[in-house]
Amino acid sequence: MISSASSRVVRSIGHRQIDWSKPVFKTNSELIATINKFRGFLANADTMAVKYSGPPSSIDFNTAKSKIRSKDLVDNLEKFYSSASPPAETYEWSAEAQAEKEALYDDSVAEVIAVKKDLEYYTAYLEKMKANRTTRDTTLTQIREMYPEVAAEVDKEIDNREWFTDVVEACRSPPDASKEKAKLLERYPDQVDIIEAEFERMFPTSN
């Protein structure tokens, strides 16, 4: 039998207004399979909670006697059924399991928040790139106004006589991804190991 506490938890989760069609729930086949399994569990748990919410219906022993020859067998079963009082089976959500699921939920919420921040950041960045789209008529002054951080960097390199900074000679100079790497490390400080490994894979350092 499902305990009242477990039943409330299942119904509370199952009846939340969750839009399962959102792209975040379809990022890969493994996630889709897990979500489908979870939704099936919720539907089955809800059905079972309703089915076993009350005591079982009584058994019609008289009908059973009318359909078989061994009447004494039904009598014995009826006596056993009337005298038996087995304890109700209940399931209580353990504190350890509850803490584990709550931690998993908190991690998921934090990840969703991070994804939303990324969407806001890159949406704004995309709009900036669209607004600052250059053409044949775009002047250097306009480019400096569009990208003041780049203009400041260029001015600093000129002042320091760094004439060949960021210059890549085809087939000779290796690409320098340090600036892009630094930006990612600054934006995602909690993913340092992943960023380091990925840049090492794409731009292996010479031994």
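A contact here means heavy atoms within 4.5 Å. This is a predicted model, where local features need pLDDT of at least 70, side-chain atom pairs count only at pLDDT 80 or more, and totals for chains, interfaces and linings use all residues. Residues are numbered from 1 along each chain as its sequence is written, and side-chain values use heavy atoms, leaving out hydrogens and water.

**Exercise 1.** Work out what share of the contacts in the protein with a separation of 6 or more comes from residues 24 or more positions apart.

*Solution.* Start with the elements: the protein has nine helices and zero strands (DSSP runs, H or I of at least four residues for helices, E of at least two for strands, numbered from the N terminus). Then take the contacts with a separation of 6 or more: residues 24 or more positions apart account for 41% of them.

**Exercise 2.** Decide whether Asn132 is buried or exposed, and find what it touches.

*Solution.* First, locate Asn132: it sits in the loop between α5 and α6 (140–146). Next, apply the classes: buried is under 20% relative accessible area, exposed over 50%, and partly exposed in between (1.4 Å probe, protein chains only). Asn132 counts as buried because its relative accessibility is 14%. Finally, leaving aside residues up to four places away in sequence, Asn132 touches Met146 and Tyr147.

**Exercise 3.** Classify Asp107 and Val154 by relative accessibility, and place each in its helix.

*Solution.* Begin with Asp107, in helix α5 (residues 95–131); its relative accessibility is 51%, so Asp107 counts as exposed. Turn to Val154, in helix α7 (residues 148–159); at 36% relative accessibility, Val154 counts as partly exposed.
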